[in-house]
Amino acid sequence: MKIAVPADYFFHRIIESSLYDIQQQTGKKPNPNQLKGFSFKRKNANGTMSTMTITAYQPDKKYAYHMHTGRNDYDVAYNVESLGNEQMRLTYEETIEGKSASVNANNYVSGFLVGWVRKRRFKKMKRQMESDYIQQESHKS
């Protein structure tokens with residue numbers, strides 16, 4: 001997905017969100033350079049607990065994490081590529097591995113609906129970030 005904001009702006013927003021989540025869950029405030037390898041327990045919206053481990057942190061390029069729940073292991077990566085001229089490309093990757101064959105089958109079936117919802121959510125996030133960036137820049141002038 002192409003987004004009309006600089007790569008560093010987008011990346012900063014993703015990292016801010018991650019740092020906020022860490023602080024809310026643990027009370028700790030790591031600096032971004034301490035993120036790779038950082039692991040913490042997280043209470044999910046549905047009340048279940050998961051373990052999050054940040055697996056990659058390359059400023060303005062890549063942010064990735066592994067999340068372990070009782071049923072699934074998720075690997076998520078945000079790959080950011082600057083296209084210059086206040087443009088960037090985001091590549092989002094996610095893999096899910098279930099604890100059993102039946103969980104994997106359920107993941108496969110529900111994946112279609114979840115994928116559609118996720119795509120809509122990303123489009124909404126894109127519009128919001130572009131709008132926020134334009135507002136921020138107009139206040140600088």
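User: Happy to start with K126: at its relative accessibility, is K126 buried, exposed or partly exposed?

Analyst: This is a predicted model, in which local features need pLDDT of at least 70 and side-chain atom pairs count only at pLDDT 80 or more, while totals for chains, interfaces and linings use all residues. Residues are numbered from 1 along each chain as its sequence is written, and side-chain values use heavy atoms, with hydrogens and water left out. Buried means under 20% relative accessible area, exposed over 50% and partly exposed in between (1.4 Å probe, protein chains only). K126 has 23% relative accessibility, so K126 counts as partly exposed.

User: Thanks! Which residues does K126 contact, leaving aside its neighbours within four places in sequence?

Analyst: K126 is found in helix 2; helices (H or I, at least four residues) and strands (E, at least two) are DSSP runs, numbered from the N terminus. Contact means heavy atoms within 4.5 Å. With neighbours within four places set aside, the partners of K126 are M1, K2 and I3.

User: And E130, buried or exposed?

Analyst: Good one to look at next. E130 also has its place in helix 2, and a polar atom of its side chain lies 2.8 Å from the backbone nitrogen of A4. Not counting residues up to four places away in sequence, E130 touches K2, I3, A4 and V5. Its relative accessibility is 15%, so E130 counts as buried.

User: Finally, for the largest pocket, which residues of the lining are the closest to its centre?

Analyst: On a 1 Å grid over the protein atoms alone, a pocket is an open set of points where a 1.4 Å probe fits, with protein on both sides within 12 Å along at least five of seven lines; lining residues have an atom within 4 Å of a point. The largest share of the lining, eleven residues, comes from helix 2. Of the 37 residues that line this pocket, the closest to its centre are R42, Y65, Y78, Y92 and R121.

Technical notes:
A polar contact is a pair of N or O atoms within 3.5 Å; within protein, one must be able to donate a hydrogen and the other to accept it, and residues adjacent in sequence count only if both atoms are side-chain atoms.
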